[in-house]
Amino acid sequence: MDLTANDSVAGVESTGEVTVANGLDSQITNVEIVVEGDDIEMTQSRTVASSISQNGSMTAPFRFRPESSGEHKLTTTVSYTVGDDITRTTTQTKVIDSDPLRNSVELDTTAVGSGTDRALRVAVSNGANAPLSDVTVNATSANASFQRVLLENISTSTTQEVRLNATTDEPRADVTVTAEYELGTETERTTAETTLRSVPGTIDLTGLDVIRQGGRLQISGSASNVGSTDADSVLVSVADTENVTPATPNRDYFVGTVPASDFVSFDVYARTEGNVTSVPLEVTCLVDDTRKRQTFDVNLDRMGGSAQQSEQDSDNGGGDQNSMLPVFIAGGLALLVVVGVLVRRYRSGDDEIEV
């Protein structure tokens, strides 16, 4: 006989097997194999077989649960019949060492989804030295309700993830996540605290720059989503006021969808009259099927790089050249008159000589 057993843990069912080999010169019949132990609950202990042939063998599985940690004796008894109904019995004892049960389960939570489709992704990691069974994961909050999820067994040193769909009443919910499970013969519980936030998509204008192009202002920048949900149908427009009018080629700019924590660049143009210090930009978007409208004043004086003029429109030479243009034109006309008079006199002189 040979008895082997897996590493066992107190209070946790484990397995083993007994191998019986027939070394006699004839077959044996009515074979019965029974395993017993001290301070051990046997959940499967007996196997029978009609016979084992000469030089043959058989393997009998057994299952057991140590009631405490430490050393335990497993005793195997094999009964069989040989020859003319002669019954024989063989016994063998083996000492095994059972570890104490160690409970070590961790929960890791991550907020997922957007808008009204918010949820918690919960990872259950089994760091115990025994499998978890009948695992239930649930979450509670004063401002949100969650689905309850049941899991199958989680083996030692493995992790399983579940998604707890949430129905929230407020933008913020303080949540307690609980995992209940069977570990050995005990019912255990592990909790974790987290916060579920649902900040709707919000557009802010960043990286703004203003450049004067002739009689127009080119305003460029980024439509940045500082919320945790997507913003759809984002449109940036120059607001039409008494002193500001939208200009071509882009009176408005359709940005489209800006994902959460992302940005999309835009370009719009405006014309101004009088003493204008800022240009109003209007931003409209759809967030969770709700239309939002915001207005931003783009300061032309204090913004870095704002109200910059291109070289052809700068005051360092461009204005002087334009002011000298009439002088050049008048000088050219005077020169043409002098040349015309000289030519006419020259022709008149030739005529007098011919006469």
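**Note on the predicted model: side-chain contacts and backbone geometry**

1. The structure holds one aromatic pair. Phe 62 and Phe 64 make up this pair, with ring centres 5.8 Å from each other and planes at 35°, an arrangement classed as tilted. Phe 62 and Phe 64 are both buried. The model discussed here is a predicted one, and the points below should be read accordingly.

2. The count of salt bridges comes to seven. One of them joins the side chains of Glu 13 and Arg 63, at 2.9 Å from N to O. Glu 13 belongs to the loop between β2 and β3 (14–21), whereas Arg 63 sits in strand β7 (residues 57–66); the pair thus links distant parts of the chain, 50 residues apart. Glu 13 counts as partly exposed because its relative accessibility is 31%. Arg 63, at 32% relative accessibility, is therefore also assigned to the partly exposed class.

3. Strand β7 also carries Arg 65, whose partner Glu 41 is in strand β5 (residues 40–44), 24 residues apart in the chain. The side chains of Glu 41 and Arg 65 meet in a salt bridge with an N to O distance of 3.0 Å. Glu 41 has a relative accessible area of 37%, so this residue is partly exposed.

4. A further salt bridge is formed by Glu 161 and Arg 121, with 4.0 Å between the closest N and O atoms. Because Glu 161 lies in strand β15 (residues 159–168) and Arg 121 in strand β11 (residues 117–126), this pair ties together parts that are 40 residues apart in sequence. The two partners fall into separate accessibility classes: Glu 161 is exposed, with a relative accessible area of 54%, while Arg 121 is partly exposed, with 35%. The 4.0 Å distance may be read against the criterion for a salt bridge, which is within 4 Å.

5. Asp 7, Glu 71, Asp 97 and Asp 99 form a negative surface patch. Of these residues, Asp 7 is placed in the loop between β1 (2–5) and β2 (8–9). Asp 7 counts as exposed because its relative accessibility is 74%, the cut-off for that class being over 50%.

6. Gly 83 occupies the loop between β8 (70–82) and β9 (86–99). Its relative accessibility of 65% is the reason why Gly 83 counts as exposed. Gly 83 and Thr 29 are 54 residues apart along the chain, and their C-alpha atoms are separated by 9.1 Å.

7. Backbone geometry deserves a separate point. Most residues other than glycine have a negative phi, and most peptide bonds are trans. Asn 30 is not a glycine, although its phi is positive at about 50°. This residue is placed in strand β4 (residues 28–37). Asn 30 has 53% relative accessibility and therefore counts as exposed.

8. Asp 39, likewise not a glycine, has a positive phi of about 55°. Asp 39 is found in the loop between β4 and β5. With a relative accessibility of 36%, Asp 39 is therefore partly exposed.

9. Which peptide bond is cis, with omega near 5°? The bond in question runs from Thr 248 to Pro 249. Pro 249 is located in the loop between β21 (244–246) and β22 (252–258).

Note on methods
Residues are numbered from 1 along each chain as its sequence is written. This is a predicted model: local features need pLDDT of at least 70, side-chain atom pairs count only at pLDDT 80 or more; totals for chains, interfaces and linings use all residues. Side-chain values use heavy atoms; hydrogens and water are left out. Patches are made of residues with over 30% relative accessible area and no salt bridge: like charges are joined within 9 Å, nonpolar side chains (Val, Leu, Ile, Met, Phe, Trp, Tyr) within 5 Å. Accessible areas come from the Shrake-Rupley method with a 1.4 Å probe; for residues, only the protein chains shown count as cover. Lys and Arg count as positive and Asp and Glu as negative; His and the chain ends are not counted. The place of a charge is taken as NZ of Lys, CZ of Arg, CG of Asp or CD of Glu. Helices (H or I, at least four residues) and strands (E, at least two) are DSSP runs, numbered from the N terminus. Buried means under 20% relative accessible area, exposed over 50%, partly exposed in between (1.4 Å probe, protein chains only). Rings of Phe, Tyr and Trp (its six-membered ring) pair if their centres lie within 6.5 Å; planes under 30 degrees apart count as stacked, over 60 as edge-to-face and the rest as tilted.
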